[in-house]
Amino acid sequence: GYSGSIAWDTVARAYTGSCPLVACPTGANGVPCVCNGAGFAGTLSWNSSTQSYGGTCSVVTCPSFSSGTPCVCNAGYSSTLVWNNGNQSYTGSCSLVGCPSGAAGAPSCAC
């Protein structure tokens with residue numbers, strides 16, 4: 001969305017003022033702003049009266065054995081987590097990776 005105001009200057013025969021782009025809420029981007037996925041879910045709407053966005057983009061809980069925004073598998077775990085924009089969630093899971101030969105104690109392998 002855009003804020004500000006413009007008016008017609010009858011003397012100059014031109015518009016005056018400006019309509020700067022409003023910054024997106026945290027976790028959103030684009031024009032208009034939308035929750036940017038990869039870890040953020042929610043719905044935003046533009047209110048032209050207040051010239052601001054309503055709604056929020058919340059951090060989505062990561063699948064088991066993963067963390068971050070966007071979520072990635074923790075050390076000692078492997079997979080491909082994929083963000084699904086349609087249902088604003090991750091698909092995939094993080095699986096324990098076995099220790100190499102001579103090591104034990106996954107996920108914190110040690111000799």
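Read along the sequence, the chain of this predicted model follows the pattern β-β-β-β-β-β-β-β-β-β-β-β-β-β, and its secondary structure comes to zero helices and 14 strands, where helices (H or I, at least four residues) and strands (E, at least two) are DSSP runs numbered from the N terminus. Residues are numbered from 1 along each chain as its sequence is written, and side-chain values use heavy atoms, with hydrogens and water left out. Because the model is predicted, local features need pLDDT of at least 70 and side-chain atom pairs count only at pLDDT 80 or more, whereas totals for chains, interfaces and linings use all residues.

The C-alpha trace of the chain spans about 85 × 25 × 15 Å along its principal axes. The chain has a radius of gyration of 23 Å, while a compact globule of 111 residues would have one near 13 Å; this radius is taken over C-alpha atoms, and the globule rule is 2.2 Å times the number of residues to the power 0.38. Buried residues (under 20% relative accessible area, with exposed meaning over 50% and partly exposed in between; 1.4 Å probe, protein chains only) make up 21% of the 111 residues in the chain. Of the contacts (heavy atoms within 4.5 Å) with a separation of 6 or more, 22% are accounted for by residues 24 or more positions apart. The chain exposes about 7000 Å², of which carbon and sulfur atoms supply 55%, accessible areas being computed by the Shrake-Rupley method with a 1.4 Å probe and, for residues, with only the protein chains shown counting as cover.

S5 has S18 in β2 as its bridge partner. The two strands form a hairpin with four residues between them, and R13 in the turn has a positive phi of about 55 degrees.

Leaving aside neighbours within four places in sequence, L21 is in contact with G1, Y2 and V31.

Terms used:
Two strands pair if DSSP finds at least two bridges between them.
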